[in-house]
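Welcome! Here is a short briefing to read side by side with the sequence and the 3D view. Take it one topic at a time.

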Amino acid sequence: MIISAIVMPFTSPNSIFGIRIPQTEDYPEVWHRAHVFTSALLSLMILPTIIVIFHMEPRYSFVLCNIFLLVSLIIGIVYAVIIAIPIQKKCKLLKNLKNK
């Protein structure tokens with residue numbers, strides 16, 4: 001989680017690491033903004049994860065740590081989809097203007 005939070009903002013679109021959905025693959029701006037946002041979410045989850053690891057039973061800490069990770073990633077994906085909507089509209093509008 002810590003390594004992902006550090007590396008995410010500095011990655012460029014690739015096929016190995018990151019949020020790979022059509023919106024992030026088609027628009028590099030969406031890729032970058034989604035990864036910076038998700039990195040911030042993961043950074044916020046580091047302290048609660050450490051607290052859970054050291055102060056709860058192992059079976060509960062495993063589940064909660066995975067929930068922290070998955071919730072951060074799901075929110076990052078939803079954010080990428082939301083910010084891609086106006087960018088997609090702008091690109092379609094520019095494409096229509098070029099065709100005319």
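Two residues are in contact, or touch, when heavy atoms of theirs lie within 4.5 Å. With that in mind, isoleucine 46 touches Met1 and Ile2, leaving aside residues up to four places away in sequence. Please remember that the model you are looking at is predicted.

**Overall build**

- The protein has 4 helices and 0 strands, and its elements follow the order α-α-α-α from the N terminus on.
- Along the principal axes, the C-alpha atoms fill a box of roughly 65 × 20 × 20 Å.
- The radius of gyration is 17 Å, whereas a compact globule of 100 residues would have one near 13 Å.
- Of the contacts between residues at least 6 apart in sequence, 62% join residues that are at least 24 apart.

**Surface and interior**

- The accessible surface of the protein amounts to about 7000 Å², and carbon and sulfur atoms account for 72% of that surface.
- Buried residues make up 29% of the 100 residues.

**The largest nonpolar core**

- Which residues form the largest nonpolar core? This core has 12 residues: Ala5, Met8, Ile19, Ile21, Tyr27, Val30, Ala34, Leu42, Ala80, Ile83, Ala84 and Ile87.
- Two elements, α3 (28-55) and α4 (58-99), each give two or more residues to this core.
- The largest share, 4 residues, comes from α4.
- Isoleucine 87, one of the core residues, touches Tyr27, Glu29, Val30 and Arg33, not counting residues up to four places away in sequence.

- Threonine 38 is found in helix α3.
- Is threonine 38 buried or exposed? Its relative accessibility is 0%, so threonine 38 counts as buried.
- Not counting residues up to four places away in sequence, threonine 38 touches Met8, Ile19, Ser72, Leu73 and Gly76.
- Isoleucine 46 is also found in helix α3.
- Isoleucine 46 counts as buried because its relative accessibility is 19%, and the cut-off for buried is under 20%.
- How far apart in space are isoleucine 46 and arginine 20? Their C-alpha atoms are 23 Å apart, and the two residues are 26 residues apart in sequence.

**An aromatic pair**

- A pair of aromatic rings is described by two things: the distance of the centres and the angle of the planes.
- The count of aromatic pairs comes to 1.
- In this pair, the ring centres of phenylalanine 37 and tyrosine 79 are 4.2 Å apart and the planes are at 20°, so the pair is stacked.
- Phenylalanine 37 lies in helix α3 and tyrosine 79 in helix α4, so the pair ties together parts that are 42 residues apart in sequence.
- Phenylalanine 37 is partly exposed, with a relative accessible area of 29%.
- Tyrosine 79 is partly exposed too, with a relative accessible area of 24%.

**Cysteines**

- How many disulfides does the structure hold? The number of disulfides is 0.
- Cysteine 65 has a relative accessible area of 16%, so this residue is buried.
- Cysteine 91 has a relative accessibility of 32%, which means that cysteine 91 counts as partly exposed.

Terms used: Residues numbered from 1 in each chain as written. Predicted model: local features only at pLDDT ≥ 70, side-chain atom pairs only at ≥ 80, totals over all residues. Heavy atoms only, no water. Core = buried A, V, L, I, M, F, W, Y, C linked by side-chain atoms within 4.5 Å. Buried < 20%, exposed > 50% of the residue type's maximum accessible area, 1.4 Å probe, protein only. Disulfide = S-S within 2.5 Å. Rg over C-alpha atoms; globule rule 2.2 N^0.38 Å. Areas by Shrake-Rupley, 256 points an atom, 1.4 Å probe, with all protein chains shown as cover. Phe/Tyr/Trp six-rings, centres within 6.5 Å; stacked < 30°, edge-to-face > 60°.
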